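This report describes selected local features of one protein model. The structure is shown below.

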Amino acid sequence: MTRRTNALGLAVLALAMLTGCAGVTPYGVANHDAKAAFHEAAALEVLGTSIFEGIAETENFTSVGYAHAQTSQGETLHTRLETTVWGTTYKSQQAAVIEHGTIDVVHMGGSMNTYFLFGDAYLPVTKTPWVSIPQGDIGRTQEELCRFESVQFLCGISNAWTLTQEAHGKDIPVQIEVNADGSRHVTSAVTFASLHDAELFTMTDELRQRLGDEVMEAFIPLHVWLDPNGVVTKVEVNGQVGSDSESLQAQFGFELTGEPDDADKPTDPATLDQSFVTQIPSGQVGAFWTAINEIRDGK
């Protein structure tokens with residue numbers, strides 16, 4: 001990762017020196033296949049598995065994931081999650097998507113259970129404010145990282161880009177900029193259909209049909225920022241697409257917002273009065289979340 005960053009940085013510095021020479025056309029700015037291949041390869045490296053490597057090596061971090069969308073007919077989507085991680089201890093907070101519908105998560109490192117604090121809207125399912133689910137520490141492989149609530153947005157956007165590439169191939173725009181300090185900015189695009197298929201949100205069949213292929217398959221700009229150490233600091237999909245009859249504005253993102261304070265570590269829910277905690281056996285976890293999602297989706 002470091003060698004790659006340094007090589008890219010040297011390429012940019014060499015380009016800057018060449019532009020000062022009279023009569024020289026810099027190789028790096030010519031519009032040719034080698035330039036396109038460089039940008040494509042660099043984007044593939046960043047948007048593939050390497051986008052997770054920096055976070056995997058970051059012991060403590062705070063991050064947010066968010067999704068906002070609105071159609072011209074008034075349908076809206078608004079959700080925001082913040083996750084704070086201290087090694088294997090973490091807490092997450094989800095803003096309410098329905099009235100009294102907040103969901104907080106607490107896991108203490110070394111515990112075999114994860115605790116969820118639900119808003120009153122979910123009491124018909126949870127029975128008590130707190131729920132304990134069998135779920136141990138989260139590791140730092142890509143698959144494990146995607147279990148952190150906010151990082152799920154990073155994982156979803158990465159999957160959406162892969163799906164867009166599979167569907168549209170070289171039609172996807174890709175560009176990479178490397179700054180003097182080694183930080184990078186990648187620009188590309190995804191489709192709204194790919195964001196849906198990556199399970200970043202749900203929608204009714206009626207809405208998908210109404211939006212039509214023109215809106216669902218239109219490119220929405222994607223931006224990725226990485227610091228000089230190769231750690232992703234922000235990923236965002238943001239743009240508006242539309243047809244003659246329908247338009248859609250969408251914003252999906254993930255941002256690394258800093259390093260947490262040890263004083264903010266959560267209190268271990270295992271010390272609570274257990275009459276306020278519902279225990280969900282491992283065999284019933286799937287059915288439990290189905291019931292929660294039905295309330296959240298207004299079913």
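A residue is called buried under 20% relative accessible area, exposed over 50% and partly exposed in between, with a 1.4 Å probe and protein chains only. The model is predicted, so local features need pLDDT of at least 70 and side-chain atom pairs count only at pLDDT 80 or more, while totals for chains, interfaces and linings use all residues. Residues are numbered from 1 along each chain as its sequence is written, and side-chain values use heavy atoms, without hydrogens and water.

Helices (H or I, at least four residues) and strands (E, at least two) are DSSP runs numbered from the N terminus. Helix H6 (151-168) supplies at least two residues of the lining of the largest pocket. H6 has 18 residues and spans 26 Å from first to last C-alpha, close to the 26 Å expected at 1.5 Å a residue; the expected span is 1.5 Å times one less than the number of residues. Among the buried residues of H6 are Phe153, Leu154, Trp161 and Thr164. Just after H6, Gly169 has a positive phi of about 55 degrees.

| Residue | Phi | Relative accessible area |
|---|---|---|
| Lys127 | about 70 degrees | 62% |
| Glu199 | about 65 degrees | 71% |

Lys127 is found in the loop between helix H4 (123-126) and strand S6 (130-134), and is exposed. Glu199 lies between helix H7 (192-197) and H8, in a loop, and is likewise exposed.
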